[in-house]
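Thanks for making time this morning.

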Amino acid sequence: MLQVTNLRVDVGGVTLIDGISFTVRAGEKVGLVGRNGAGKTSMLKVIGGANEAAGGSVRFDGGLGYLPQDPRLDMIPDDVTALRHVLSGRGFDEALDRIDKLQVAMEGDPSTRNIERYTRALERFRMDGGYSAESEVRRLASGIGLADDKLDLPLGALSGGQRRRVEVVRILFAGSDVLLLDEPTNHLDADAKLWMLDFLASYRGALIVISHDLDLLDEAITRVIHLDRGADTATGQMHEYKGTYTQYTNAREADEVRLAKEIAMQAKEIDRLQNIVDRFGAKATKASMAHSLEKRIDRLKENGPTSVRARKTLKLKLPAPPHCAKTVLEAHELAVSYPGLDVFEDVTFDAGRGDRVLVMGLNGAGKTSLLRVLAGVTDPVIGKVKWGMGVSVGYYAQEHEGIRSGASLVQHMQEATGGMGDGEIRGLLGMFGLVGDKVWQDASTLSGGEKTKLALAQLVGGKHNVLLLDEPTNNLDPGSRTAVADSLSSWGGTLIVVSHDAEFVEALQPDRALLMPDGDVDHWHDDFLELVTLA
């Protein structure tokens with residue numbers, strides 16, 4: 001069971017939520033919803049213990065597993081294998097380290113004491129389920145679409161999507177009584193999503209999940225907590241609804257209709273009372289009555305219903321790309337490999353001015369590795385990349401690698417735009433819904449959706465004519481995804497894109513598909529759409 005009492009969450013000097021209380025019992029599955037910036041991820045970080053609460057308390061029974069929106073694994077050495085990291089979910093990694101040390105000690109000095117210590121450690125490992133743990137890990141990994149051989153690779157050799165899957169497996173393997181999952185289906189293909197839905201539907205503990213995956217919200221949850229925060233400086237309110245996401249949206253719409261009627265009735269009553277005050281307020285004999293009515297009007301305004309439903313929709317307009325050569329890119333015989341893993345080799349393709357190229361392939365096929373090479377973040381083992389005259393390249397990294405701690409949104413924009421004025425910067429950030437004092441906030445404290453918007457704003461401000469986009473719609477709410485897709489579809493520059501979002505890809509109308517890891521290039525046709533969510 002999880003119990004949250006009078007919780008207050010502050011970020012960047014702003015109180016996102018205050019006085020929030022709710023309980024999630026074993027078997028209950030709660031979907032946490034609300035617009036980007038409402039405070040969902042920030043609240044889950046506090047409940048999961050990643051950040052401290054500004055007030056209130058969190059209590060839970062048993063073990064707690066928390067999957068952040070961007071599990072970086074920064075504190076885990078790159079040479080640790082994926083299997084070893086997953087086993088750490090139950091502390092088996094430490095047990096194995098101890099066994100290894102005791103074995104070395106025994107081999108160096110086969111005394112009775114050393115043999116007994118080694119034997120006891122093995123027996124304890126067996127009784128704790130250590131010998132059956134690896135098969136359980138491999139079963140979970142298979143379900144979520146992580147190939148068996150990837151578990152034996154060091155974390156540094158895995159793609160971002162694979163590392164996220166490893167972290168999901170670690171949390172599920174830990175067998176927690178409470179699960180907090182922030183966008184658990186990001187980077188998952190269709191089969192892995194179905195497996196995740198089945199797993200969550202049968203999970204017997206207490207679950208809170210943040211997701212923009214409507215299938216997950218409809219099939220795996222039994223209750224919705226809606227964080228409603230109308231303005232970026234406002235303190236959010238919590239509303240609870242029983243049932244699936246579809247049932248919630250229907251109930252939410254009915255509540256908005258009812259609330260609108262109440263607000264209209266309140267406004268009508270205030271107008272009626274104000275008319276009376278206006279007519280009689282100047283008369284000495286009626287002054288006392290007018291004063292009483294004014295107090296009544298103030299109470300109505302203070303205590304009456306108000307709508308805080310966020311109706312903000314992004315309206316993005318990208319600037320025309322600077323002119324460049326007709327041939328934008330020539331990539332010749334590119335190859336990327338890591339110790340023990342050849343990601344791809346002999347990838348050759350080109351791109352012209354205004355082309356839209358969709359990079360496709362299964363997780364681990366090298367899509368992100370290819371974009372990192374094109375962006376100049378990493379070097380290929382062999383091969384070369386040649387950009388055309390006048391080309392300016394902007395790179396959107398799926399894990400927000402360019403957003404760092406300690407720098408505000410304005411600072412990030414100044415660096416990305418080469419000295420654009422504060423007024424222009426704030427206008428550009430405002431176009432992405434990042435307004436007010438938020439622009440001075442530490443960018444690392446933004447929600448995942450807000451980080452996505454900041455990264456996209458940086459690309460727009462950079463005035464590029466080529467964009468390398470790696471899953472640009474991850475973490476965005478449906479309205480923001482549509483706005484980004486619409487703006488990019490009408491943009492005249494060159495796009496090289498990795499995406500599992502079929503609606504987004506359809507809106508872009510790609511010219512060609514680059515199939516990884518083989519590097520085959522094919523003219524785009526709609527049959528490829530069926531493969532987008534699988535890739």
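Predicted model: local features only at pLDDT ≥ 70, side-chain atom pairs only at ≥ 80, totals over all residues.

Phe125 is buried, with a relative accessible area of 7%, where buried means under 20%, exposed over 50% and partly exposed in between, using a 1.4 Å probe and protein chains only. Tyr131, by contrast, counts as exposed at 52% relative accessibility. Residues are numbered from 1 along each chain as its sequence is written, and side-chain values use heavy atoms, with hydrogens and water left out.

Searching the whole structure gives 7 aromatic pairs, a pair being rings of Phe, Tyr or Trp (its six-membered ring) with centres within 6.5 Å, called stacked when the planes are under 30 degrees apart, edge-to-face when over 60 and tilted otherwise. The ring centres of Phe125 and Tyr131 are 5.2 Å apart with planes at 85°, so this pair is edge-to-face. For Trp524 and Phe528 the centres are 5.4 Å apart and the planes at 35°, so that pair is tilted; Trp524 is buried at 15%, and Phe528 is buried at 5%. Ring pairs also link Phe92, Phe125, Tyr131 and Phe173 into a cluster.

Turning to the sheet, its 3 strands form an open, antiparallel arrangement in the order β11-β10-β13, where strands are DSSP runs of E of at least two residues, numbered from the N terminus, and two strands pair if DSSP finds at least two bridges between them. Strands β10 (residues 327-338) and β13 are joined by 5 bridges, and Glu330 has Lys386 in β13 as its bridge partner.

Technical notes
Helix = DSSP H or I, 4+ residues; strand = E, 2+ residues; numbered from the N terminus.
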